[in-house]
Amino acid sequence: MKNTKISNAGYRVLEILKELTKRPLSPDEMLRYLELSTNYLYRKELVLKYLNTLKLLNIDIDKIDGKYFIKRSIESIDFDKKDLSLMLFIRKYIDTIGHEGFKNNIEESLQIIERCFPKQILDCVRTNTIKPYVPKKSLSVKDENVKKFEKYCNDGLGLELKYKNYQLNNKNNLYKIVPLKVVYKKGKSVLIAYDPKDNDYKEFVLENITDVKQNPQKQIKGSPSSVLFKLKGRLAKSYMLKNGEILLETGDDFIVISNKNEDRELLIRRLLRYYDKCEILYPKICRERIIELINEMEAMYA
């Protein structure tokens, strides 16, 4: 029994380390991550104990604004001064980009790469002995399509757009939506919009939009209704409410929870991990989505 506890603790330490290599985390965020991955409740002191364990292993962890992060990559890459000069150029160049979301995504990626440089190379930046790379030809960003849809979002008018969804039927489908913002995902520009018909947020890859028409009337930016789900058995007794969740009903062996703020796709995938201990009650589109994911998993392992 004792060896099992040691094994479980070691697993949790590695889980924390894995997440810290991706992004800075506060103790509360680490705690929530552990609880979601194990379905158990833990005290915050345990997370701090795990951080001290990582520091004893000579993993360089620091804390800024309440969040911990790994200053140096666990395994360095043999970058040289030329690589660092090029990275400094990219960092200087992204300051000229007007889209804040795109700029932040690049900066986060550069921070991950920077932690992989050998310490002696990074010291050259502090001593100002490495200058940013200067390209032979000037670079420019020309993405008028992004600017057009950003303007649609700022105008607050509804859109009618035709969208070719390659994952469904490869046909141009008509959507009447309220545009909210343009983001970048997996190297593509994506429009986030509210669909009043389905009462849901939807994503549209800009390059797959074949036609767009702006309506003259101002649109009210609605928001999807709450997702209601029931948790059963032992999970119902140990579950800790997340931000934006409300406990609606408590029974002998179940609880009913309302979740409004969490991204629906992320919420559905989280609830999927609870297996038969969870049931989505409302809305119908979320029930259908989780059934779709279950069918995909069964087909994959059939």
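Because the model is predicted, local features need pLDDT of at least 70 and side-chain atom pairs count only at pLDDT 80 or more, while totals for chains, interfaces and linings use all residues. Residues are numbered from 1 along each chain as its sequence is written, and side-chain values use heavy atoms, with hydrogens and water left out.

The secondary structure of the protein comprises 10 helices and 11 strands. Helices (H or I, at least four residues) and strands (E, at least two) are DSSP runs, numbered from the N terminus. Of the 302 residues, 37% are buried. Buried means under 20% relative accessible area, exposed means over 50%, and partly exposed lies in between (1.4 Å probe, protein chains only). The accessible surface of the protein is about 19800 Å². Carbon and sulfur atoms hold 53% of that surface. Accessible areas come from the Shrake-Rupley method with a 1.4 Å probe; for residues, only the protein chains shown count as cover. Among contacts in the protein with a separation of 6 or more, 56% link residues 24 or more positions apart. A contact means heavy atoms within 4.5 Å.

Two strands pair if DSSP finds at least two bridges between them.

Strand S10 (residues 254-259) has five buried residues out of six, so the rest of the structure largely encloses it. On one pairing, six bridges join S10 to S8 (residues 227-232) in the antiparallel sense. Here Val-227 has Asn-259 of S10 as its bridge partner. Strand S9 (residues 245-250) is joined to S10 by five bridges, again antiparallel. Ile-246 is partnered by Ser-258 of S10. S9 and S10 form a hairpin, with three residues between them.

The remaining pairing is that of S8 with S11. These strands run antiparallel and share four bridges. In this pairing, Phe-229 stands opposite Ile-280 of S11.
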